Amino acid sequence: MKPRIVLAGGSGFVGQLLSPFLVSKNCEVIVLTRAEPDHGGAVRNVHWNGKTVADWVEFVNGAYAMVNLTGRSINCRHTPENRREIIDSRVDSVRVLGQAIGRCAQPPQVFLQIAGVGIYGDKGERICDETTAPGDDFMTEVCQKWEAAFDSVDAPKTRKVLLRLGGVLGPNGGFLGLLGRLTRWFLGGQVGSGRQYISWIHVTDLSRMVLASIENQELTGTLNATSPNPVTNAEFVRELRRALHRPWSPPVPEFAARIGSWLMGTEASLALVSQRCAPKRFLENGFNFEFPTLRPALTNIFPSQ
Ligand SMILES: NC(=O)c1ccc[n+]([C@@H]2O[C@H](COP(=O)([O-])OP(=O)(O)OC[C@H]3O[C@@H](n4cnc5c(N)ncnc54)[C@H](OP(=O)(O)O)[C@@H]3O)[C@@H](O)[C@H]2O)c1
């Protein structure tokens, strides 16, 4: 029988790339989604509301692993209402998945929670590994509440692993969605000073990290899921322009980034904050990156641009 992997919130950008990877590794993939159930194709979509335990618990019972990708996108204006939804969607989903595990006769062997490097706040040039203290901005608050909810899950028979993701690079959206469009429109200049660091991960390496976290019985606790080579914003946009065959673009000063972000319905802080993260624990565990540096990662994603 194929090992069953339950992907809560697996209908989004990461889940859509992770599902075929897991299917190719001979796993049965179940996606928990607020959308209609759907039984066609290699991946089965099962309805849930992300808040309360219901029939979907039967798919958690006997599953090999549960991976939680749920969370309202942070790429929006951080109004009080959106802030509440950003936090609640994350905390509620962790809590209800913990309750579901508690109801299983055969609980999953591993519960893998996806979180973010936003917990470190704005750390400038300082290198952040898993032991670095949290920051003090809104994204830190989100990540702290998210991680605290996961810490509170009481599941003695289930191994718990949490991955702090950097910006995930992959085709068709995600971190490169808006940035790619702006760059194609000849608006791909550095933002602010350009010295703020971006921690990124190619989706292939992220998928391999997810699999390693599921398979490696020794792995527990928190790990940074980022490439070993974070780059400054200036370098990132230069490499992206190169990958998309666009010429130099004028820098975008901070005030213009704030106005532009507001007009596009998002937050400039997401592009101005500096996180220079190191995947210390993955490296200690012998993880081999397929895309450790940015240029080949972008060339892989935009091969014929
Ligand atoms: N992509 C990145 O670069 C990145 C970086 C760091 C951290 N992360 C984290 O990794 C996870 C996956 O990222 P992603 O890019 O795949 O996100 P995504 O495309 O926004 O997908 C997240 C999924 O969460 C579900 N969701 C959204 N709002 C919800 C709500 N209010 N209540 C319940 N479920 C809700 C949606 O599923 P349904 O609509 O089907 O229910 C959606 O498909 C997220 O938690 C994200 O914060 C991502």
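**View 1. Overall fold of the protein.**
The predicted model contains 11 helices and 13 strands. Its C-alpha trace extends over about 60 × 40 × 40 Å along the principal axes. The radius of gyration is 19 Å, in agreement with the value near 19 Å for a compact globule of 305 residues. Of these 305 residues, 41% are buried. Contacts between residues at least 6 apart in sequence are taken as the reference set, and 77% of them join residues at least 24 apart.

**View 2. The open sheet of parallel strands.**
The sheet is built from 7 strands in the order β3-β2-β1-β4-β5-β7-β11, with parallel pairing. Strands β3 (43-47) and β11 (221-225) form the edges, each pairing on one side only. From one strand to the next, the twist averages 20 degrees.

**View 3. Strand β1 and its surroundings.**
Strand β1 (residues 4-8) runs parallel to strand β4 (residues 65-68), and 4 bridges join the two. Within this part of the structure, Leu7 is placed opposite Val67 of β4. Helix α1 lies across β1, β2 (28-33) and β3. The angle between α1 and β2 is about 160 degrees.

**View 4. The shell around the ligand.**
A total of 25 residues surround the ligand. The closest are Gly12, Val14, Thr33, Gly50 and Gly71. Two or more residues of the shell are given by each of α1 (13-24), α3 (80-102), β5 (110-116) and β8 (167-169). Helix α1, which contributes to this shell, is also the helix that lies across β1, β2 and β3. Strand β5, another contributor, belongs to the open sheet, where its place in the order is between β4 and β7. By residue class, the shell divides into 14 polar, 8 nonpolar and 3 charged residues.

**View 5. Leu294 in helix α11.**
Leu294 is located in helix α11 (residues 294-301). Is this residue, Leu294, buried or exposed? Leu294 counts as buried because 23 C-beta neighbours lie inside 10 Å, and the threshold for burial is 20 or more. With residues up to four places away in sequence left out, Leu294 touches Trp200, Asn229, Val231, Phe236 and Glu239.

Note on methods
Residues numbered from 1 in each chain as written. Predicted model: local features only at pLDDT ≥ 70, side-chain atom pairs only at ≥ 80, totals over all residues. Near = placed C-beta within 6 Å. Nonpolar A, V, L, I, M, F, W, Y, C, P; charged D, E, K, R; others polar. Buried ≥ 20, exposed ≤ 12 C-beta atoms within 10 Å, placed from the backbone. Contact = placed C-beta atoms within 7 Å. Pairing = 2+ DSSP bridges. Axes fitted to C-alpha atoms, helices over the stretch in contact; angles between N-to-C directions. Rg over C-alpha atoms; globule rule 2.2 N^0.38 Å.
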